Amino acid sequence: MDIPTLPLAFQFASPGPIIFQLGPLVIRWYGLLIASAVLLGITLSQYLASRRHLKPELLGDLAIWLVLAAIPSARIYYVLFQWQDYASNPGDIIAIWKGGIAIHGAILGGTAATLIFSRLQKISFWQLADLVAPSLILGQAIGRWGNFFNSEAFGGPTNLPWKLYIPPSNRPPAYITFDYFHPTFLYESLWNLMVFSLLLTLFFRDLKGKPRLKTGTLFLVYMAAYSSGRFWIEGLRTDSLMLGPLRMAQMVSLTGIVLGLAGLVWLYLLHRPLPDVVPANRQQQDYRSSSAGPPNNSP
């Protein structure tokens with residue numbers, strides 16, 4: 001059954017990737033959105049740290065590590081799986097402003113940086129991960145709009161009321177005769193905002209400031225919830241990073257779902273704390289010295 005065409009106001013169309021250009025100075029939507037996501041994320045994580053009696057400056061220091069690790073890792077991850085496009089144009093490898101970063105690469109790089117940072121600072125990795133998780137998913141929700149302005153990361157052809165117009169130069173050869181596509185950037189952005197709301201609800205469920213969730217819960221919920229949405233949305237896309245016949249993002253998402261749910265089972269059914277980079281007794285000593293209570297591993 002054909003869906004009748006609606007007025008243009010109900011259809012998405014990117015105004016283009018550039019906000020402003022004056023000679024060699026170019027301001028792009030993609031860069032502005034990433035910068036905004038980083039600044040909002042730092043502000044939010046520092047506020048959440050203060051509610052958990054950790055020094056906000058600690059999260060500011062961690063943010064530097066995360067930016068330095070996550071953005072290059074996201075680019076390297078993307079380039080590796082799209083190497084056939086970059087082999088003949090190696091200069092484009094650093095052209096991150098044109099798009100082409102993979103969130104799973106950013107998560108892997110950020111996780112490695114947080115592990116090292118928590119080890120050096122003698123602070124629980126899971127406690128830091130819980131504080132960063134809401135900022136991370138909020139940043140993902142914002143960053144997805146960069147795909148909109150770049151006319152990339154869209155789904156297959158559709159005539160739904162919320163269809164997305166893609167210029168011919170950005171369409172895959174197999175779909176060159178189609179004008180409108182699924183706005184998968186929008187689907188994922190909305191899904192991420194729902195996950196963000198869930199994480200904040202869990203965080204503030206205790207109004208007296210005494211955590212009742214076990215350490216690591218928020219990050220595990222983030223892994224399972226985000227990965228669930230990404231798995232089905234990825235199935236709609238036309239530009240997935242592939243490993244042979246398999247969509248790489250779906251494989252990683254399945255891994256995230258399994259690990260997230262397994263961690264929650266470990267915490268709440270087996271009643272055991274998650275393995276950490278710093279022994280619990282050492283964590284408690286350092287938390288007290290910085291005016292923070294010991295990490296909570298009780299329901």
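These legends accompany close-up views of a predicted model of one protein chain.

**Figure 1. Overview of the protein chain.** The predicted chain contains 9 helices and 7 strands. Of its 299 residues, 45% are buried. Among contacts with a separation of 6 or more, 70% are between residues 24 or more positions apart. The accessible surface of the chain is about 15400 Å², and carbon and sulfur atoms contribute 69% of that area.

**Figure 2. Packing of helix 7 against helix 8.** Helix 7 spans residues 217-234 and helix 8 spans residues 248-268. The two axes are 8 Å apart and meet at an angle of about 150°. Because angles over 145 degrees count as roughly antiparallel, helix 7 is described as roughly antiparallel to helix 8. The crossing of helix 7 with helix 8 is left-handed. The residues of this contact comprise 13 nonpolar, 8 polar and 2 charged.

Figure 3. Asn 147 belongs to helix 5, which covers residues 125-150. Its relative accessibility is 6%, so Asn 147 counts as buried. Setting aside residues up to four places away in sequence, Asn 147 touches Tyr 30, Glu 152, Ala 153 and Phe 185. Phe 185, one of these partners, is 38 residues from Asn 147 in sequence. The C-alpha atoms of Phe 185 and Asn 147 are 6.4 Å apart in space.

Figure 4. Phe 185 is part of helix 6, residues 184-203. With a relative accessible area of 1%, Phe 185 falls under the 20% cut-off and is therefore classed as buried. Beyond residues up to four places away in sequence, the contacts of Phe 185 include Arg 144, Trp 145, Asn 147 and Phe 148. Ala 153 and Leu 164 are also touched by Phe 185. Ala 153 is likewise listed among the contacts of Asn 147.

Figure 5. Ala 69 is located in helix 2, which runs over residues 56-81. The relative accessible area of Ala 69 is 18%; buried means under 20%, so Ala 69 is buried. Apart from neighbours within four places in sequence, Ala 69 is in contact with Gly 109 and Ala 113. Leu 108 is 39 residues from Ala 69 along the chain, and the C-alpha atoms of these two residues are separated by 9.0 Å.

Key
Residues are numbered from 1 along each chain as its sequence is written. This is a predicted model: local features need pLDDT of at least 70, side-chain atom pairs count only at pLDDT 80 or more; totals for chains, interfaces and linings use all residues. Side-chain values use heavy atoms; hydrogens and water are left out. Axes are lines fitted to C-alpha atoms, for helices over the stretch in contact, and angles run from 0 to 180 degrees between N-to-C directions. Helices (H or I, at least four residues) and strands (E, at least two) are DSSP runs, numbered from the N terminus. Angles under 35 degrees count as roughly parallel, over 145 as roughly antiparallel, 65 to 115 as roughly perpendicular and the rest as oblique. A crossing is left-handed if the near helix is turned anticlockwise from the far one by less than a right angle, and right-handed if clockwise. Ala, Val, Leu, Ile, Met, Phe, Trp, Tyr, Cys and Pro count as nonpolar, Asp, Glu, Lys and Arg as charged, and the others, Gly among them, as polar. Buried means under 20% relative accessible area, exposed over 50%, partly exposed in between (1.4 Å probe, protein chains only). Contact means heavy atoms within 4.5 Å. Accessible areas come from the Shrake-Rupley method with a 1.4 Å probe; for residues, only the protein chains shown count as cover.
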